[in-house]
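Please look over the sequence and the structure before reading on.

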Amino acid sequence: MNITLKIKRFNPELDQQPHWESYPVEVEPRDQLLDALHKVKWYQDGTLALRRSCAHGICGSDNMRVNGKNRLACKVLMKDIAHEGDTVTVEPMLGLPLIKDLIVDMEGFFAHYRSVMPFFVNDDPVPADGRERLQSPEARERFDEGTKCILCAGCTTSCPSFWADGQYVGPAAIVQAHRFIFDDRDQAADKRLEVLNEQFGVWRCRTVFNCTEACPRDIPVTQLIGEVKKALATGRLD
Ligand code: FES
């Protein structure tokens with residue numbers, strides 16, 4: 001089918017402001033949006049800048065705003081967003097500094113990620129028999145959803161509270177914190193909860209659900225944020 005890709009372009013060496021440019025593209029219904037963007041970059045305008053790597057929804061590098069909603073370009077099929085003759089709009093994620101075209105500066109996003117200690121903490125000696133620290137299937141299940149996060153930033157950059165103030169730690173960092181807070185082998189839940197109880201922590205969440213809608217891994221992001229709020233309010237991790 002023939003569609004038009006309307007892409008927000010910005011070259012910091014030439015432009016004062018981003019602007020829209022349109023590209024006619026012929027696509028197959030089951031092509032990824034990433035395929036369509038490649039057709040523009042490879043055959044129409046090689047200066048188009050975008051991040052991508054795996055093309056299979058794993059690396060999280062090609063999240064962008066597609067028809068007004070955050071999506072991984074490699075997980076979106078053309079048949080699901082366009083019919084013959086349609087125009088599809090593609091923009092960079094909102095709320096992070098724009099570098100060029102569809103590329104934003106992720107440093108602030110990863111600074112928030114690092115602030116919640118997204119790593120396993122346990123200072124006990126490893127078991128004498130040399131085996132791993134065992135955990136029941138039920139205890140493992142408790143934090144399973146958070147392990148699916150690929151740090152694409154789709155949730156954080158679809159959040160109005162993050163748009164309003166980029167100091168908000170954001171949904172992705174809270175999901176990463178949740179993954180360790182509710183791991184019964186970990187010993188740093190208190191420290192993470194302390195960070196999330198601060199001014200730009202979890203209470204900035206207004207339960208808008210944009211994050212849940214945007215997650216390409218179907219993580220119930222708003223629910224996990226609610227569980228962290230509950231842990232702070234009750235002092236319990238159940
Ligand atoms: S290119 Fe890796 S998630 Fe899309």
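## Charges over rings

In this predicted model, R179 lies over the face of F180, at 4.1 Å from the ring centre. R142 is likewise placed over an aromatic face, that of F182, and here too the distance from the ring centre is 4.1 Å.

## An aromatic cluster

The count of aromatic pairs comes to 2. One of them joins F109 and F110, whose ring centres are 5.1 Å apart and whose planes stand at 80°, so this pair is edge-to-face. The pair of F110 and Y113 is also edge-to-face, because the planes of these rings are at 80°, with the centres 6.1 Å apart.

Taken together, F109, F110 and Y113 form one aromatic cluster. Within helix α3, which covers residues 107–115, F110 and Y113 are 3 residues apart and are therefore separated by about one helical turn. As for accessibility, F109 is buried, with a relative accessible area of 3%, whereas F110 is partly exposed, with a relative accessible area of 26%.

T222 belongs to helix α9, which runs over residues 221–234. Is T222 buried or exposed? With a relative accessible area of 7%, T222 is buried, because the cut-off for that term is under 20%.

When its neighbours within four places in sequence are left aside, T222 is in contact with T207, F209, C211 and T212.

Definitions and conventions. Residues are numbered from 1 along each chain as its sequence is written. This is a predicted model: local features need pLDDT of at least 70, side-chain atom pairs count only at pLDDT 80 or more; totals for chains, interfaces and linings use all residues. Side-chain values use heavy atoms; hydrogens and water are left out. Helices (H or I, at least four residues) and strands (E, at least two) are DSSP runs, numbered from the N terminus. Buried means under 20% relative accessible area, exposed over 50%, partly exposed in between (1.4 Å probe, protein chains only). Contact means heavy atoms within 4.5 Å. Rings of Phe, Tyr and Trp (its six-membered ring) pair if their centres lie within 6.5 Å; planes under 30 degrees apart count as stacked, over 60 as edge-to-face and the rest as tilted. A charge sits over a ring if NZ of Lys or CZ of Arg is within 6 Å of the ring centre and within 35 degrees of the ring normal.
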